[in-house]
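Subject: Structure handover

Hello,

Here is the structure you asked about, followed by notes on what was found in it. Please read the notes with the coordinates open.

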2 protein chains.
Amino acid sequence: MTQIGNSGLRIRLAQLNYKIGDFEGNTAKMAQSLFEAKADGIDLVVFSELATSGYCPDDLLDYAHFAERCEQALDAVAQCCFGIAAIVGSVQINPEPHGRRLINSAAFLAQGRIQESVSKTLLPSYDVFSEHRYFEPAQDTKIVEYKGVKLGLAICEDLWDIYNDFQYRISPGQRLKDLGAEIIINPSASPFQLGKQSLRNRVFAGQLNRFGLPVLYVNQVGFHTELLFDGASRAVGHGGQVLVQLPFFEEASADVQLNFGLLTTESQLGLPLEMDDIPLLHRALVFALQDYFRKMGFQKATLGASGGIDSAVVQCLAVEALGAENVTVLLMPSEFSSDHSVSDAVALSENLGNEYKKLDIAPIYNTLLQQLEPVFGDSPFGLAEENLQARTRGLLLMATSNKTGAILLNTSNKSELAVGYSTLYGDLCGSLSLLGDVYKQQVYALAHYINRENEIIPEHIITKAPSAELRPGQKDSDSLPDYSILDEIIRKYVEDQQGAQEIIADGYDPNMVNKVLQLINGAEYKRYQAPPIVRVSKKSFGKGRRMPLVAQY
Amino acid sequence: MTQIGNSGLRIRLAQLNYKIGDFEGNTAKMAQSLFEAKADGIDLVVFSELATSGYCPDDLLDYAHFAERCEQALDAVAQCCFGIAAIVGSVQINPEPHGRRLINSAAFLAQGRIQESVSKTLLPSYDVFSEHRYFEPAQDTKIVEYKGVKLGLAICEDLWDIYNDFQYRISPGQRLKDLGAEIIINPSASPFQLGKQSLRNRVFAGQLNRFGLPVLYVNQVGFHTELLFDGASRAVGHGGQVLVQLPFFEEASADVQLNFGLLTTESQLGLPLEMDDIPLLHRALVFALQDYFRKMGFQKATLGASGGIDSAVVQCLAVEALGAENVTVLLMPSEFSSDHSVSDAVALSENLGNEYKKLDIAPIYNTLLQQLEPVFGDSPFGLAEENLQARTRGLLLMATSNKTGAILLNTSNKSELAVGYSTLYGDLCGSLSLLGDVYKQQVYALAHYINRENEIIPEHIITKAPSAELRPGQKDSDSLPDYSILDEIIRKYVEDQQGAQEIIADGYDPNMVNKVLQLINGAEYKRYQAPPIVRVSKKSFGKGRRMPLVAQY
């Protein structure tokens, strides 16, 4: 290959949205990107981790034909690499006779074929990650030389060796430095979570300090079941400064030049590097819902509009993501619903311009009670009767979904899910939970953010005391501490994995802490059957948190 | 320590039932076992893998206090080791500064303290196992010397190095042989699955051949969420012959003597080494249900008795496991139910002697249709109406559960779960799925086995054509191939992970294969919210099979 010109090695960071298993779509995107880059005089395009398959295909990887299709897709992208080179993350078949059958690789493609393959050394196997389940880790790494420049390829976690709860034995970055790398290229599948940007700032600045090498971090965007990828790919120069950053939650690209070890760019920096939590969270949830519907081929959504704040926020997110014409909500008041429940819910739908229908659950509830007489006898009103109402609503929503094809959006928030303040097969129904990783206090903040310019959510929905309205005069605060306290206890227990003693030592009332932890542990069985949740924190309920049901807590 | 006497080293295999997180209970069991063993003149008691905590605590391991309690429990067991020694599987804190914070260890306890700790080298991270999520693998192993005998400790997977879909790089057994081990002791947490015994036979005979060392395999019994442990611990002598085997699904122990490298026993062999599939499956499911209820503190169960074979078999299993006095079933016929549905279901309950109640769903269904008029309009009868009935039944069963405290048992089988022939929040409700890993054909075989002496399940339930009875004249065979074919296609796709081409190459009709695979892929979203399933095959739906929902199949 020829040496680089005076202008240095021209590299494009390509931040794309891949779909798991859509080999043709993913390949076509990369081909298009390479075609444009070549026209723009680019030498090398960097795509992200597992770009051929999407991240992460989970147990689809157990099927032999899936890995073969990854290899074929990689070959197809290589065919586009004449007069240009690419770094593509892919599943490849482990060439060694021992160990797992696959590797998580970054392939260097040039002259129409795979020139080199570097496999991932550090395989994250915590929280939402299970890479040891599928991949054999690299025993060592190597340098890829292109146009006289020594490229060091470190896939995602390979650059996070000391930025974890634990420290890995090996530092792939240090090894690449020792091997003479002039730059570290970091194809990634780094999931979004609130606070992740400042963590990334620490990691990239820290690695700059350690190795003295510029870093190209190429993340992807997209929503995949629970995982949300936010992009924000970036080039970090020698001094640790961010030269350019790609936007959050959008496909985009930027170009940099590497000239005698110096990384420069003519691209815009792409400020802001960080965003405030609530606007970012709002953007994340709208994007997740859009991408979910797009990838699943869904168009219409439905949800139960209770007149409460959770459903109001979900409804606003749905209308923003899908358009008011694609959202129909059901109002299903009962005898225990407050006067304002219906009028508030109607006002919201009228503000948003989506369709709404009112279904009366009293006749159903009464018929259920009549038919259940052989079981209920003359027992007093209790949990069973409360759940009957919630499950009747779930049933009506699912009937609406089945009849109209609208996808049911779940409206539970993380605080409720945590303490089990929800009815299995009732308000826990749904195809996707948008707020399942959003604390009640964040739901309020989202409501205020949605109302930042106009009152979209009627003020009364925000100010009234939260209630499930399943018995007369019920308030959340009857059985739960204030959300300001509850949310913090949940966060400490679930996200920070503190035990009761540590939380109490932080100044919380011991009785309250023990009660809340007991509620959380006692609700594992409900969460086992809950819908998939859009993960936006460092520890979401779902596949990133695996708790035994049969256990003594 | 003193040398062994003329009779050799007397070792007891202790096969116990541990509960996850019940440190006091687990410790007390081991203490009791050591107390008895000492009285019997035993030198060494071998307990199984993660005996202090139960296997596997999952993300409870992320809590610092949980690992500390494992260490404390281990110390407590060590306190019982005066004049006797023990090998105890436990979580321990990784003494090294790098890597995961925990190790999966086998501790050698003697003279009141932990003398040695050997950690697990091969960490299974496939199917239901996620040990890389929690543990740092051993970099090397070592010999434990006791009374002049060199003991080689290999924890569970450490003896399965070449008996996997892939081969590990390292052989802990070979390493122990090279270090001079006279016996291999294999504390295990080896889950039950049909066919596992012949696999174990291959592994132990194969390892005997390789290393020429006797093996003590100490498994546990118990049900933990999805995982079922069957015991069947065994001592395998030099020639590869099984000297003794402990029973399936029972706490038990046996003694062996090791004398100048020769393993002998006076215990009974404990035949049969294997059992036929269906009696073993029946035993497994009854035990799982019993252990689930015992560990969860449940007493009473309920289920919907449709007059079909699945609910009939679940009802028989429940009555056998819990007693007829603890089982109440609901009969919930609709206008589409056949004449025999109720009479068959009544006959079964009368044969079994459990309580049954008949609830009419027609009034509820009709009220639902009336109230849904704003949504349904005059649309024709379809899936929505079918699901309304199934969900009404789910709602009545959950109301019964809430009101009476009886735990709802799910009645779906693996064939239905596979192809999505089930209604989410309807017949998919339940606290535990007993048949979720049992194919329809196995359900029939179980029914025949239950009837082996008397007709407990009315013949007509077994012989009539399967039907969900959700629309007039409906039969399973209207929309599904014969179960003899369907079950095989599902097994090849789900358990053997064959793709469409491989299955078609086996002689199945291409259209049928493609249709079935499409149904299986299309039902992932239902299984995501399905109840926990008792795992009895090598690949069960549940945490051992993780499929993306947002993907192109």
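In chain B, H1(B) passes H2(B) in a crossing that is right-handed. Please keep in mind that this is a predicted model. H1 covers residues 23-39 of chain B and H2 covers residues 64-78; their axes come within 9 Å and cross at roughly 20 degrees. Angles under 35 degrees count as roughly parallel, and H1(B) and H2(B) are therefore roughly parallel to each other. On the H1(B) side the contact is made by B:Phe23, B:Asn26, B:Thr27, B:Met30 and B:Ala31, and on the H2(B) side by B:Arg69, B:Ala73, B:Ala76 and B:Val77. Sorted by class, this contact has six nonpolar residues, two polar and one charged.

The crossing of H15(B) and H17(B) is right-handed. H15(B) contributes B:Leu486, B:Ile489, B:Ile490 and B:Tyr493, while H17(B) contributes B:Val513, B:Val516, B:Leu517 and B:Ile520. By class, the contact of H15(B) with H17(B) has eight nonpolar residues, with no polar and no charged ones.

Next, the two chains together. How many residues does each chain bring to the contact between them? Chain A brings 77 residues and chain B brings 77 residues. On chain A, the elements that each supply at least two residues of the side touching chain B are helix H2 (64-78), strand E10 (221-224), helix H5 (277-296), helix H8 (362-371), helix H9 (373-376), helix H10 (383-404) and helix H18 (524-528). Which of them gives the most? H10(A) does, with 14 residues. The residues on this side of chain A divide into 38 nonpolar, 23 polar and 16 charged.

Regards

Conventions. Residues numbered from 1 in each chain as written. Chains lettered and ligands numbered in written order. Predicted model: local features only at pLDDT ≥ 70, side-chain atom pairs only at ≥ 80, totals over all residues. Axes fitted to C-alpha atoms, helices over the stretch in contact; angles between N-to-C directions. Helix = DSSP H or I, 4+ residues; strand = E, 2+ residues; numbered from the N terminus. Parallel < 35°, antiparallel > 145°, perpendicular 65-115°, else oblique. Left-handed = near helix turned anticlockwise from the far one by under 90°. Contact = placed C-beta atoms within 7 Å. Nonpolar A, V, L, I, M, F, W, Y, C, P; charged D, E, K, R; others polar.
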